[in-house]
Amino acid sequence: MLSRRSFLESLGGGLLVLWTLDEQLNGQESGGSHRHGDDERLPQDVAAWLHLSREGVVTVFTGKAEVGQNIRTSLTQAVADELRVQPAAVRLVMGDTARTPWDMGTFGSRTTPQMAPQLRKMAVMMREQLIIVAAQDWHIPPSSVAVRNGSIVDLKSGREKTYGSLASTVDWTKIVGTDGKLSAASDWQCAGKSLPKINASDFVTGKHKFSSDMRRPNMLYGRVLRPAAFNAKLATIDTSAAERMAGVTVVRDADFVGVAAENEWAADQALRRITAKWDERKQISSNELFSFLKANPEEATERSNDRPPAAGGKEMASTYTVAYIAHVPLEPRAAVAEWDADSLTVWTGTQRPFGVRSDLAQAFHLPENRIRVIVPDTGSAYGGKHTGECAMEAARLAKGAGRPVKVVWSREEEFTWAYFRPAGVIEVESVVADDGTIQSWKFDNYNSGPSGLDSPYKLSWTSTRFHETRYPLRQGSYRGLAATANHFARESHIDEIAAALGMDPLAFRLKNLKEDRVRAVLEAAANKFEWSSSKRARGHGYGLACGMEKGSFFACAAEVSVSPERKVRVERVVEAFECGAIVNPEHLQNQVEGAILMGLGGALSEAIRFADGRILNARLSEYPVPRFSDAPAIECVLLDRKDLPSAGAGETPIMGVAPAIANALFQATGVRVRSMPIAPAFGSSNV
Amino acid sequence: MELRVNGHPVTVHAEPDRLLLFVLRNDLDLTGTKYGCGEGQCGACTVLLDGSPVRSCQIKIGAVAGKKVTTIEGVCRGDELHPLQKAFIECDAMQCGYCTPGMIISGIALLEKTAKPSNAQIKEALQGNICRCGTYNRIVAAVNLAATHGEKNHA
Ligand code: FES
Ligand code: FES
């Protein structure tokens, strides 16, 4: 296999391009700034990552955040595996800047390929050290002991020492190394199996404390005054009525105005008594969005190979658009902030606890070690919680009020003042020979982003460009980033070519695919779906899409129906997915199913409407997300490649949903929809 | 004002306009009931009011005086989980778990009325509850599983 570097060199695009693209990708993934520095190198000593108690309990420290992707479970499995202990003996401390090693953030499907091996390595070092000290104690060579379920066993005599009894004999800060040999996936004992969600009982009983559930002694409830529109400037304000209310603190700092009160109701009342005037400026609306993006390019990065396009063949050109959409995490942004003299502690649901810590440090002119950010397991994020607005607001209010303050964003605030998945325009031009080989492929993405641009198809000539443009709304990361948009365009266009040639969409893909792992999932999905033998009912259509991103591979087959009233419904989805060695089959399947449901919303109906710097549909009643009645029958085929390293799986399974649906709708109706969301093209009964 | 919450008499001192959801969460520290939208759209705030599922974000505390409120904290049977709670774990019917309390309360309300609901009845009863993580099919399976357990218990 070609490395990424040689792959790009072979395309003649040059390394400069590679780095530019990767940096953009990272910049987008982290929702803005990300930092490098000596203090941010991974510590190499065991003590930074693992603690072993006298009772034999292993505590693991990781800066990653649990947001529903179940890494608390999968990382537990990794550590239990290498230490040869039961998962019940492992506890995870996650996303706590005072206790866990620095971490860039929980995004980009990196936990499984990067954090799991890191923790495994530390667990191997701990295990090997325990073997050494036990063997020394017994005056026998390490080769004559074994580890078994949290104990070291003398193979000859059968005597045992528990891990716990050896815990304090080692100074774990001195145990450093980089090259512990990790277990092969085929030898995994705990990973590879469906361990149930850790702490699941805390969620079904309501015991688990999300950030929004946190309570501190003497805590107040905060609300923040929002501008009338985006980019509005505060002109005049009168807070006197609110200030006169008993038990209310008004905090004002330039354009930041907020209140803190004894309960949420009093805070609401106080906020309502503040009168403010805002200077607004003219801003574009969602109706003009795509022409605006096209008309305002700023910079383009290009990857292309250097061979000229071959002459002849069928020429096709299509333009695809993708609307702004919102993450809608069911738990909105929430934070509790508490000051103790010059030290600040914040509980908040963010994917970047250390990033939020730096933001707070900057805002309050404090050294980072005065600030602690703690991320309780969070009510989902999907790439939408990279930032710490709410933490900042709670901290400002708490400072002003001299008491701990909780801020929970309303749904409307969450819809308005968070950030969106970037909208985009994607132009594809292709030339295909009569025998069905793709001669040239030109792909231009405006604004939506550069991820998922690698094509799994053989293309004789290709030019791929990502154009940064000016954009009207605050935009950032989202599950799968732009790979969803880019796959929507690519896989729709592939379908258009197949249709133009009169070829079966499956046969056309198989003919042109160059990536074997994509081929494997495509064949698996087509088999399960019974693609070749499927008889279409009237008003039904079948569609396919496949691709790859971040080391994992997917193929999605969808069956849709369109009623005589033109109501669109996705009836059935089969998704085949491969991400190397499977860590937890049940949780993987759950992620794939969840990604299909989330993908369905963006594919069919979700779109943010805006005008004059305001979001026009900032409520769930006006921005519908998939519900029970929308859930299709779902079948997953999970390919387990024990011979390959595990990749993350929280994002990639979303990418095929929209194009598979669009392709199925084309088959059902003959109408090719090139915009996401798709359903509005079929009429108002869908929105 | 007096009400019964999870079987216990409770006195709250709250402005009558305050919403049941926030009195439960902020005054009684029953934070299992969640805020998701505040407009009756997501079901995260579902509680039982005299046995019927309601959206606590839509109900003023003044309107529930003297009534019985059951929250997720009140559905365990002693130390034992309710069969639907167990079924949620068994079916892995959650990801982030934020919708879970509301789902379970809505599901319990259904099972009390209809011991062996069809899939269509389950989906209809839960249609007002959103799981943004998309675990809908698993939740349907969990309600089915609990219904089967319930049947066994009665046999
Ligand atoms: S918070 Fe009550 S229905 Fe959403
Ligand atoms: S599990 Fe996350 S919203 Fe349902």
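Before anything else, let me say what I mean by buried area, which is the accessible area, for a 1.4 Å probe, that two parts lose on being put together, summed over both. The structure that we are looking at today is a predicted model, so please hear every value as one computed from that model.

With that in mind, let me start with the two chains, where chain B and chain A bury about 4,500 Å² between them, and 52% of that area is on carbon and sulfur atoms. On the side of chain B the contact takes 51 residues, while chain A puts in 57 residues. How many salt bridges are counted between chain B and chain A? The count is nine, and to give you one that you can find on the screen, Arg138 of chain B forms a salt bridge with Glu593 of chain A, with the closest N and O atoms 2.6 Å apart. As a general point for those of you new to this, side chains of opposite charge can pair when their charged atoms come close.

Let me turn now to chain B on its own. Its domain assignment gives domain 1, covering residues 2–74, and domain 2, covering residues 83–154, and the C-alpha centres of these two domains of chain B lie 21 Å apart. In the contact between them, 15 residues of domain 1 of chain B meet 11 residues of domain 2 of chain B, and the two domains bury about 1,100 Å² between them, with 63% of it on carbon and sulfur atoms. Between these two domains of chain B, the count of salt bridges is zero.

Over all chains, a search of the whole structure finds 50 salt bridges. One more pair to look at is Lys161(A) and Asp137(A), whose side chains meet in a salt bridge at 3.3 Å, N to O. Lys161(A) lies in strand β6 (residues 160–162) and Asp137(A) in helix α5 (residues 111–138) of chain A, so this pair ties together parts that are 24 residues apart in sequence.

Next, please find two helices of chain A, α14 (residues 483–501) and α15 (residues 505–512), whose axes come within 9 Å and cross at roughly 110°. Angles of 65 to 115 degrees count as roughly perpendicular, and α14(A) and α15(A) are therefore described as roughly perpendicular to each other. The residues making this contact include Ile494(A), Ile497(A) and Leu501(A) from α14(A), together with Pro505(A), Phe508(A) and Arg509(A) from α15(A). By class, the contact has six nonpolar, no polar and three charged residues.

I will finish with two details of the backbone in chain A. Met676(A) and Pro677(A) are joined by a cis peptide bond, with omega at about 0°, and Pro677(A) is found in the segment after β27 (675–676). Val328(A), which is a residue other than glycine, has a positive phi, near 50°, and Val328(A) lies in the loop between β13 (314–322) and β14 (334–340).

How values were computed:
Residues are numbered from 1 along each chain as its sequence is written. Chains are lettered from A and ligands numbered from 1 in the order in which they are written. This is a predicted model: local features need pLDDT of at least 70, side-chain atom pairs count only at pLDDT 80 or more; totals for chains, interfaces and linings use all residues. Side-chain values use heavy atoms; hydrogens and water are left out. Axes are lines fitted to C-alpha atoms, for helices over the stretch in contact, and angles run from 0 to 180 degrees between N-to-C directions. Helices (H or I, at least four residues) and strands (E, at least two) are DSSP runs, numbered from the N terminus. Angles under 35 degrees count as roughly parallel, over 145 as roughly antiparallel, 65 to 115 as roughly perpendicular and the rest as oblique. Contact means heavy atoms within 4.5 Å. Ala, Val, Leu, Ile, Met, Phe, Trp, Tyr, Cys and Pro count as nonpolar, Asp, Glu, Lys and Arg as charged, and the others, Gly among them, as polar. A salt bridge is a side-chain nitrogen of Lys or Arg within 4 Å of a carboxyl oxygen of Asp or Glu. Domain bounds come from an automatic or database domain assignment.
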